[in-house]
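Visitor: Could you walk me through this one? I'd like to start with the pockets and then look at some helix packing.

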Amino acid sequence: MRKVHIPLLLAALTCFAMPAMAQELTGTLKKIKDTGTITIGHRDSSIPFTYYDDKQNVVGYALDLCMKVVDEVKAELKMPDLKVKLNPVTSSTRVPLIANGTVDIECGSTTNNLERQKQAWFSPTYFVITTKYVTKKGSSIKSFKDLKGRTVSTTAGTTSAKLLAEMNGKEDYKMNVISAKDHAEGFLLVESGRAEAFVMDDILIYGLVANSKSPGDYVLSNDWLTIEPYGALIRKDDKPFKEVVDRAFKKTFASGEGETLYKKWFLSSIPPRGVNLNVPLSPLQKKIFEHPTDSGDPKDYE
């Protein structure tokens, strides 16, 4: 009978076991596997990214894209019956709720920038905006310089709020800045005459104006402050989940579904009022579909 060297046998078994151990789930994927649920963070009035329709259902371009991530997670974990939980977030709570594990991925109108990347990671960019303001027609405000000394609204916890604070500090604009809890409230301040301008991402302003009582009463600025890319937030340093998210977005863009979803939400009638935002697919938007990137540097989008 051939003699078996036990130490050698144990060593061999250990080597065979190592790959399986290396594939053990960690981070967000483990949490999803253990709970049987993936939690998506969404906004309530970020039209057309994520918002409530007239039936109080969560809808939007970003949500549709994140459902592609759900499909990819189902395949990765072999969980066809994975449940999806929708969790509302605000500009102020989105990053903390991602960080503490309440939300697994946030799908809305969140700017990917280098400062925010210190707190969270992002999916590939799915939209690029410029920061503008909206006023009522007939206003004497014709440029950002005209905001000096005016009452201006924005949304708390956004990059627009930070930009206005910097302008007040460095440029001595002496604006009276009102920080609203959400985009709808910020626009309402202009609609009701309590603010003279609302500063926010241009696409969000388009959505708010289009769904207002009198869309023809408003005008957007011609000048802008910054270029900003939007992406879905995920937890920082979670490489396995990031790989799944990136794979889902890249597949969607490469298949042409990204452009199809763009046409659905930006070039077609959308709820709740059947308004068409009529925002054509720009060369820059087409570029991010053809060459996906999660860069937070605005220079990469110019």
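Visitor: By class, how many nonpolar, polar and charged residues are in the lining of the largest pocket?

Guide: Bearing in mind that this is a predicted model, the lining of the largest pocket has 6 nonpolar, 11 polar and 7 charged residues.

Visitor: And which residues lie nearest its centre?

Guide: Of the 24 residues that line the largest pocket, N113, E115, T159, K162 and E228 lie nearest its centre, and the space inside comes to about 450 Å³.

Visitor: Which element gives the most to that lining?

Guide: Helix 5 gives the most to the lining of the largest pocket, with 4 residues, while helix 4 (94-99), helix 5 (159-170) and strand 13 (227-230) each supply at least two.

Visitor: What about the second largest pocket, how is its lining made up by class?

Guide: The lining of the second largest pocket has 10 nonpolar, 3 polar and 1 charged residues, and the largest share of this lining, 4 residues, comes from strand 8. About 250 Å³ of space lies in this pocket, with F127, V128, I129, D202 and S282 nearest its centre.

Visitor: Switching to helices: at what angle do helix 3 and helix 9 pack?

Guide: Helix 3 (residues 61-77) and helix 9 (residues 257-266) pack at about 155 degrees, with their axes 9 Å apart; since angles over 145 degrees count as roughly antiparallel, the two helices are therefore roughly antiparallel to each other.

Key:
Residues are numbered from 1 along each chain as its sequence is written. This is a predicted model: local features need pLDDT of at least 70, side-chain atom pairs count only at pLDDT 80 or more; totals for chains, interfaces and linings use all residues. Side-chain values use heavy atoms; hydrogens and water are left out. Axes are lines fitted to C-alpha atoms, for helices over the stretch in contact, and angles run from 0 to 180 degrees between N-to-C directions. Angles under 35 degrees count as roughly parallel, over 145 as roughly antiparallel, 65 to 115 as roughly perpendicular and the rest as oblique. On a 1 Å grid over the protein atoms alone, a cavity is a set of points where a 1.4 Å probe fits but cannot get out, and a pocket is an open set with protein on both sides within 12 Å along at least five of seven lines; lining residues have an atom within 4 Å of a point. Grid points are joined across faces, edges and corners, and a volume is the space filled by probe spheres set on the points. Ala, Val, Leu, Ile, Met, Phe, Trp, Tyr, Cys and Pro count as nonpolar, Asp, Glu, Lys and Arg as charged, and the others, Gly among them, as polar.
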